[in-house]
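Subject: Structure handover

Hi,

Here is the structure I promised to pass on.

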Amino acid sequence: SNLKIDNVSKFLKMAIKIGLKSLEEKCRNFIVNNSSNRILRRDLVSWFSFEDLKTIFKEFRFHSEHEDMFYYAIEWVELDVNERESKLPELLESIPLKSLSLKFLREVVGERQILRKNMKCLQLLVEAIKTSSNETIYVFGGCDEYELSSVSKFDSFTGKWSESVPMAGDRTRFDCATVEDKIYLCGGHNRTEILNSIEVFNSKTQTFETLMPMKHSRSGCSVAVLDGFLYVAGGYDGTNSLDIVERYSIENNSWEDVAPMQTSRSGLKLVEHKKKLYAFGGNDGQKYLNSVECYDPDEKRWIFKAGMKNEEAYFGALSLKNSVYIVGRNSCEIYYPEEDRWEEMPKADAIRNGRCLVMFKGKLVAIGGKNESFQTLPTVQYYDFKKRSWNQGKDMNVPRTFHAAAVIPGPYTRYNIFNL
């Protein structure tokens, strides 16, 4: 049980050299069956059969080494091109090409001549490029040791984190919402005061603009978009948790109060789902909540719905198809609004408080947060719907908790099939 792949690979080399077929077979099987969550050494690739490599790829698909899978496939084929070139399309089909960055697809995959001269491989590559949208994750503010004004972004074209233009000032325990190519940041607090200010980030011009402030200063509020309005619910005013809800008209640049929630909540999540608003969890000033309320803009009132299985505050939530996904401190749940029903889903692999949740490249992505040792983390985890498991993504360049995050889709670019 204490054997490692690197050690077994030495036995495999020895077995091949002196012709011990039984030991060679056992070493191969060990490496194939234990390589699912680590990077396989490239010098091992030559020792595997086509079926071995496909088995390894089947496991690797559920982790984050997809670029390595491509290198393994190419290197395995190039060891004996005449015999193995016909296997390349099948190996490429085993690799989730759509999860690779556009930059990698164009500059690495597309430049391999052995691939370009194979029409089936070329078709797989072009299809991956056509269906791979250039999305960008923006992560705003939050805190590490102190409140932050910095902004990090992850570009699906480069597959890397980098710094974006900072906000006008520090902001933490706030929320954001996306309307087309703009991201609206609402409330929160800085090092000296609780905020009623609103900033909007224009992803095209990479600039921030300050809008008319909210009527009520508050941190720990949450925001959602419905019918051209930004709804901001709940929060904390420095003394009490709030039941207040107000909405901002993007067209008229004006605020108005709407019906308050039945429960005061800070650290809640407000989610729009099929033309209704749902307020999940939070803290009422005395305890964490599992209660849920629903707002119908036609009836102009909030009604209680089935409560979450766990009490949560400062957590991630988003609507997807017929469900709402909740990723909390130490639990993950799925809510089905039409059935008013909850079910548990696999937990992320560590306790995190104050993390964000976004949908990126077809996956749920949980970003940052603070662990049970009160350490702020840069970690990113993504949820694979097919295998129902959480996996490690690429860490942010800045640790953050109590931040806000949003995804902006980029334009689809058409590539000439021969120039890629």
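Which residues point one way from S22, and which point the other way? Val380, Tyr382 and Asp384 go one way, Gln381 and Tyr383 go the other, and all are buried. Buried here is under 20% relative accessible area, exposed is over 50%, and partly exposed is in between, with a 1.4 Å probe and protein chains only. In a regular strand, side chains alternate between the two faces of the sheet.

Before the rest, the ground rules. This is a predicted model, in which local features need pLDDT of at least 70 and side-chain atom pairs count only at pLDDT 80 or more, while totals for chains, interfaces and linings use all residues. Residues are numbered from 1 along each chain as its sequence is written, and side-chain values use heavy atoms, leaving out hydrogens and water.

Back to S22. Strand S22 covers residues 380-384 and is mostly covered, with five of its five residues buried. Strands and helices are DSSP runs numbered from the N terminus (E, at least two residues, for strands; H or I, at least four, for helices). Two strands count as paired if DSSP finds at least two bridges between them. On that basis S22 runs antiparallel to strand S21 (residues 363-367), joined by four bridges, and Ala366 stands opposite Gln381. S22 also pairs with strand S23 (residues 389-392), again in the antiparallel sense and over four bridges; there the partner of Tyr382 is Asn391. The hairpin of S22 and S23 has four residues between the strands, and Arg388 takes a positive phi near 55° in it.

Next, two open sheets.

The order in one of them is S12-S13-S14-S15, four strands with antiparallel pairing. S12 (269-273) and S15 (301-305) stand at the edges with a single partner strand each, so one side of each has no neighbour in the sheet. From one strand to the next the twist averages 25°; the axes are lines fitted to C-alpha atoms (for helices, over the stretch in contact), with angles from 0 to 180 degrees between N-to-C directions. S12 and S13 (residues 276-280) share five bridges, and Lys269 has Phe280 as its bridge partner in S13.

The other is also an open antiparallel sheet of four strands, in the order S16-S17-S18-S19. Its edges are S16 (316-320) and S19 (341-344), each with a single partner, so one side of each is left without a neighbour. Neighbouring strands are turned by 20° against each other on average, direction ignored. Four bridges join S17 (residues 323-327) to S18 (residues 332-336), with Val327 opposite Cys332.

On cysteines: Cys332 is buried at 2% relative accessible area, and Cys121 is buried too, at 0%. The disulfide count is zero, taking a disulfide as a pair of cysteine sulfur atoms within 2.5 Å.

Two more spots to look at. Gln206 lies in the loop between S6 (198-202) and S7 (207-211) and is partly exposed at 26%. Gln206 and Lys182 are 24 residues apart in sequence and 9.7 Å apart in space, C-alpha to C-alpha.

Finally, Phe11 in helix H1 (residues 5-18) is partly exposed, at 41% relative accessible area.

Cheers
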